[in-house]
There are 2 protein chains.
Amino acid sequence: MIMQKKLTINDIARMAQVSKATVSRVLNRHASVDPVLRERVMDIVQEHNFVPNVTATELANGRTRLIGVLAPPLNWPAIPEIMHGVSEYIETTPYEVVLYSMNLERNHSDVLDRILAMRMVSGLLAILPGGLSSHLDTFFQQGLPLVMIDDQKEPTHIPWVGIDNFSSAYEATNYLLQLGHRRIAHIMGPRHYYCALQRLEGYQQALLEAGIPLEPDLLLQGEFEPASGRRCAEMLFAQDRGTWPSAIFVGNDQMAYGVLEVAEERKIQVPEAVSIIGFDDNLLSAHMRPPLTTMHQPFMEMGYQATKLLLNMIDPEHVHKPEQKWQAFSSSLPDTTKNDHSSRIQIPTHLVTRTSSGAFHPRLL
Amino acid sequence: MIMQKKLTINDIARMAQVSKATVSRVLNRHASVDPVLRERVMDIVQEHNFVPNVTATELANGRTRLIGVLAPPLNWPAIPEIMHGVSEYIETTPYEVVLYSMNLERNHSDVLDRILAMRMVSGLLAILPGGLSSHLDTFFQQGLPLVMIDDQKEPTHIPWVGIDNFSSAYEATNYLLQLGHRRIAHIMGPRHYYCALQRLEGYQQALLEAGIPLEPDLLLQGEFEPASGRRCAEMLFAQDRGTWPSAIFVGNDQMAYGVLEVAEERKIQVPEAVSIIGFDDNLLSAHMRPPLTTMHQPFMEMGYQATKLLLNMIDPEHVHKPEQKWQAFSSSLPDTTKNDHSSRIQIPTHLVTRTSSGAFHPRLL
DNA sequence: TTGTATGCGTTATCAC
DNA sequence: GTGATAACGCATACAA
């Protein structure tokens, strides 16, 4: 019914006995159009289910309705959630998502060059761009609408959506302190991740404020994935029980999974013998045994807000422009951020208390 | 360096002192171009890093370089892997992926209509289209290049990539039979999934050939997710031990996770007391405790082959056409299917034997 | 082999 | 308010 005849705006014009300019004006909701003509045109349009050719529209406008999303492999824990948020917002607009999923072996900067050079997308959302972020920076300088999600470098002037890693880590550590723990270990992520550094600082700050000296033995470094969590846990539990921490703040959930495994293998009761708290609140964390206490990162919300920010940069009017597409939908997500107009959006995290953490009680010998 | 001046083919023509037609011919590798001119043009092109505007190219060609991918939520277990395969092939072509990720609550057929009406994509890859498949069918009739991955309906004439669910289930069941099991339960998926039905038939066929009567009590139906697996497992283990199966063939890994949980809670040894085998080989299955024996579905390969098939439908020459883009890359995946020219590709599965399954030994009372 | 001219389907800029 | 008409950037039939 729809692909049959490739109707063009000219056909509609002829049928409605007006000029194509008028048809275009009707289609684009231009005010100055005789209501009678308007209706005559719309009737024909609807009768034939006419939709303007998007490519021609783009050529005439000098701008595509595509935004590129640069994403790490989709099987990374947080990516599907972020993409969910992206889709959620995109659906309320006339834009679509072009997915560039990167495998990390390759350096995709050449691909990036081509994409941008051919003007395929009118903006870019970069999720965890990592090594590409400096390359992206030069594009941003040249005027490319760009938003980064949770980048791994120091803060820049590039529009950004993420969380406050320092405060979140501080809060997580404080929670353990309030449970009575004093020997609190931290398994941090790789030092080249800015977030890992921030979380470390939050942890240290909390300890210092509680008057607890930092013990080098209680700080280990992993790779943000389960195997490294295992490794670090084994080191923590290598010596005699007296040296064990009573709580471990793990830099992310993935590593915490590894810690839980080691604890189970060694029959170390969680949380009785050792409390464990993660960071991220990945989908699986609620289903660990025991369910993992962790700092919740609102990944979906991050994707949503980042997309919203990007579209406001590309086309500030997109929200108000009457387009058929959004009459059908309305956003299901509320605006939880106050600083909508900022180009640096921090989304609040919150602690999710589950059973992997509990009050400290002196080691039973 | 690249976004500066919006060079057009006209600029290049002027600088090279040729007509824009010639520039176009050079860019598109037309044979009949004087090598001298060709080089002169290419020099200018490279010097200025010129890339043709993709929108204009598309308008002139009457065809976009976008393929739409209709996908279920990305956090469904197999989707990231499938998408990985899609990306892997797409990278070898000049096409890009527009991601339409569907949340299941909404009926997206109207969105689909718009997308196709505006001619944004030149082909569609539908992953588990489910309820949309009949709607898609009408588009296919009208000439839309379309490939489905693992659809949930009966086989149609629509190009398709998937596995042989019947044979795979048959093989899985036979494996249990060869381990000596005789009371083999099956937790099937929802009956409205064609694959669930096929797997059931494979299971039954294997039992029948072994001369084992089908016991209704040993057949349960879940929803393809963990909670339903739990529920079914609890039913199987509800009565006295004498009635328990010694092995369970679970319709997919997700449900098998639920079964493993129940077994652990009830201290039912796996595989000593009961062998468990899943279907799919999701990423997590290797990390279950115990690691799950399961029928491996090559999801990445499916995504790869489906994309390849689709691009051959859209543009049979795309493999040979000399494009800058693929000089940089070459496919890392071999062709494992023989029937490349068929429009119905079955990709072989294989059993992955891990520790959740073992030889039958009589119940120790 | 190369250049000219036209088409691709819209939008926007003019006159009217 | 409305209608010609010129962009938009490229591809290609046709002529040279």
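In which loop of chain B is Pro271(B) found? The first legend below gives the answer. The structure is a predicted model, in which local features need pLDDT of at least 70 and side-chain atom pairs count only at pLDDT 80 or more, while totals for chains, interfaces and linings use all residues. Residues are numbered from 1 along each chain as its sequence is written, chains are lettered from A and ligands numbered from 1 in the order in which they are written, and side-chain values use heavy atoms, with hydrogens and water left out.

**View 1. Pro271(B) is found in the loop between α11 (253-265) and β9 of chain B.** Helices (H or I, at least four residues) and strands (E, at least two) are DSSP runs, numbered from the N terminus. A cis peptide bond, with omega about 10°, joins Val270(B) to Pro271(B). The loop between α11 and β9 of chain B is also the place of Lys267(B). Although Lys267(B) is not a glycine, its phi is positive, at about 55°. Lys267(B) is exposed because its relative accessible area is 69%; buried means under 20% relative accessible area, exposed over 50%, and partly exposed in between (1.4 Å probe, protein chains only).

**View 2. The loop between β9 and β10 of chain B holds Pro290(B) and Asp281(B).** The peptide bond from Arg289(B) to Pro290(B) is cis, with omega near -5°. Asp281(B) has a positive phi of about 60° although it is not a glycine. With a relative accessible area of 11%, Asp281(B) is buried. Leu283(B) also has its place in the loop between β9 (275-280) and β10 (293-296) of chain B, and its relative accessibility of 42% makes it partly exposed.

**View 3. Leu283(A), Leu284(A), Leu283(B) and Leu284(B) form a nonpolar patch on the surface.** Together these residues have about 310 Å² of accessible area, a value from the Shrake-Rupley method with a 1.4 Å probe, in which only the protein chains shown count as cover for residues. Patches are made of residues with over 30% relative accessible area and no salt bridge; like charges are joined within 9 Å and nonpolar side chains (Val, Leu, Ile, Met, Phe, Trp, Tyr) within 5 Å. Leu284(A) is 253 residues from Ala31(A) in sequence, and the two are 52 Å apart in space, C-alpha to C-alpha.

**View 4. DNA strand C is surrounded by 23 residues.** The closest are Ile9(A), Ser24(A), Thr22(B), Arg25(B) and Asp34(B); a residue is near a molecule or strand if one of its heavy atoms lies within 4 Å of it. The most residues of the surface near DNA strand C come from α4(A), which gives four.

**View 5. DNA strand D is surrounded by 26 residues.** Among the closest are Thr22(A), Arg25(A) and Ile9(B). Of the atoms of DNA strand D that come within 4 Å of the protein, 65% belong to sugar and phosphate.

**View 6. Glu96(A) and Arg114(B) meet in a salt bridge (4.0 Å, N to O).** This pair crosses between chains, from strand β2 (residues 96-101) of chain A to helix α6 (residues 109-117) of chain B. A salt bridge is a side-chain nitrogen of Lys or Arg within 4 Å of a carboxyl oxygen of Asp or Glu. Side chains of opposite charge can pair when their charged atoms come close. Glu96(A) is buried, with a relative accessible area of 4%, and Arg114(B) is buried at 17%.

**View 7. Arg14(B) forms a salt bridge with Asp11(B).** Their closest N and O atoms are 2.5 Å apart. Arg14(B) and Asp11(B) are separated by about one helical turn because they are three residues apart in helix α1 (residues 9-16) of chain B. Arg14(B) is exposed, with a relative accessible area of 55%, whereas Asp11(B) is buried at 18%.
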